[in-house]
Amino acid sequence: MEKLFEDYLTNGLSEYDAKYLSTYKYVMLLSKNKNITAYFANLDYIYFVEYPTSNKEYNSPLEVLEEELTLTGGDAGIIYENINGDFHVIAFIDLKEKNHTI
């Protein structure tokens, strides 16, 4: 699944998203039934959580990704951080494979 996300990041984004990809600090890709949706943030990965659980503090990208997968009913997700133009995985979850990494 991680390879599928990598391919989507390089070749699957809309023309608009691909054009501005290098300007984003964080990219989150969520998969539900192999349909991938992209989300972008510039300040912090915490901003991916639109409707946070009240009074909950998110201490890691993995916690944010878990929350988003729960809210969307997704089966896999990944968060990348843009470091000098290279996107590095900072959280990955594949619920079908029960695989979680930070």
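Leaving aside neighbours within four places in sequence, D75 is in contact (heavy atoms within 4.5 Å) with S31, K32, N33, K34, L69, I93, D94, L95 and K96. The model is predicted, so that local features need pLDDT of at least 70 and side-chain atom pairs count only at pLDDT 80 or more, while totals for chains, interfaces and linings use all residues. Residues are numbered from 1 along each chain as its sequence is written, and side-chain values use heavy atoms, with hydrogens and water left out.

D75 sits in the loop between helix 3 and strand 3 (76–83), where helices (H or I, at least four residues) and strands (E, at least two) are DSSP runs numbered from the N terminus. Because its relative accessibility is 11%, D75 counts as buried, a term that means under 20% relative accessible area, with a 1.4 Å probe and protein chains only.

Helix 3 itself covers residues 61–72, and its 12 residues should span 16 Å at 1.5 Å a residue, which agrees with end C-alpha atoms that are 16 Å apart; the expected span is 1.5 Å times one less than the number of residues. Within helix 3, P61, L62, V64, L65, E67, E68 and L69 are buried, and just after this helix G73 takes a positive phi of about 75°.

The largest pocket is lined by 10 residues, of which M28, Y39, F48, E50 and E68 lie nearest its centre. Strand 2 (35–41) and helix 3 are the elements that give two or more residues to this lining, and helix 3 gives the most, with three residues.

Technical notes
Buried < 20%, exposed > 50% of the residue type's maximum accessible area, 1.4 Å probe, protein only. 1 Å grid on protein atoms, 1.4 Å probe; cavity = no way out; pocket = protein on both sides within 12 Å on 5 of 7 lines; lining within 4 Å.
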